[in-house]
Amino acid sequence: REDFENNSNAAFHFSSLYKEVFQWITGDSINRITQNGTYMLKPLERPGAIIAKIEQIGYPQLSPYYLEYRIPFGFDESLNDPLSLGNFGGVFINKQRVVELSGGELVQALRLLDMTPTTYEEYDEDWYNVALPPGETFFDEGAGIKIKNIRENLADPNNPELIFSVEFLEPRCVRFNPGLRFELT
């Protein structure tokens, strides 16, 4: 099988944050979510794309989430790779963060979160199904945000959409004992 490293057609296009920064997506194409409700995404690579930016109001220290819906079209054609079928109908969930460059400059960056982290043993093979599948819920207890992928609407195949819900709760600090994992190479 071909891995993404060996397949030049297996890369996706820029994420929603960068499309916002580059002003490729603006205005009504960015659904700024700050309250409970049911919302819609439109494919990131199609005209009329709609993304979501979720922000927990009253907690400025919490970074927003960016949500995307991707279909095998344009730069995202690599979703047709048989290994990537686990992403179909899923919500791509990105967490914004600030990164300090070596010169001290702070820049915005996104981390694509893996919604099915135990699927593959190797981390670099786990890219093939990172999206939140239909019917599943992601809960960030520390931020107090629940995201549920309700369904993909393919009634109009030329204009698909993804329906999801967001629920805001009180953020809760959850402490864990640190753990170490050693691997011999």
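In this predicted model, Tyr66 stands opposite Asn94 in β5. That residue pair belongs to the contact between strand β4 (residues 65-68) and strand β5 (residues 92-100), which pair in the antiparallel sense over four bridges. Strands of a sheet pair through backbone hydrogen bonds, in either a parallel or an antiparallel way. Two open sheets are described below, one of five strands and one of four.

**Five-strand sheet**

- The strand order in this open sheet is β1-β3-β4-β5-β6, and the pairing is mixed.
- The edges are taken by β1 (30-33) and β6 (106-112); each has a single partner strand, so one side of each is left without a neighbour in the sheet.
- From one strand to the next, the twist averages 30 degrees.
- Within this order, β4 and β5 stand next to each other, and their antiparallel pairing runs over four bridges.

**Four-strand sheet**

- This open sheet has the order β2-β9-β8-β7, with antiparallel pairing.
- Its edge strands are β2 (37-41) and β7 (137-140), each of which pairs on one side only.
- Neighbouring strands are turned against each other by 25 degrees on average, direction ignored.

**Pairing of β2 with β9**

- Edge strand β2 pairs with strand β9 (residues 161-168) in the antiparallel sense, over five bridges.
- Thr38 stands opposite Ser165 in β9.

Key. Residues are numbered from 1 along each chain as its sequence is written. This is a predicted model: local features need pLDDT of at least 70, side-chain atom pairs count only at pLDDT 80 or more; totals for chains, interfaces and linings use all residues. Side-chain values use heavy atoms; hydrogens and water are left out. Two strands pair if DSSP finds at least two bridges between them. Axes are lines fitted to C-alpha atoms, for helices over the stretch in contact, and angles run from 0 to 180 degrees between N-to-C directions.
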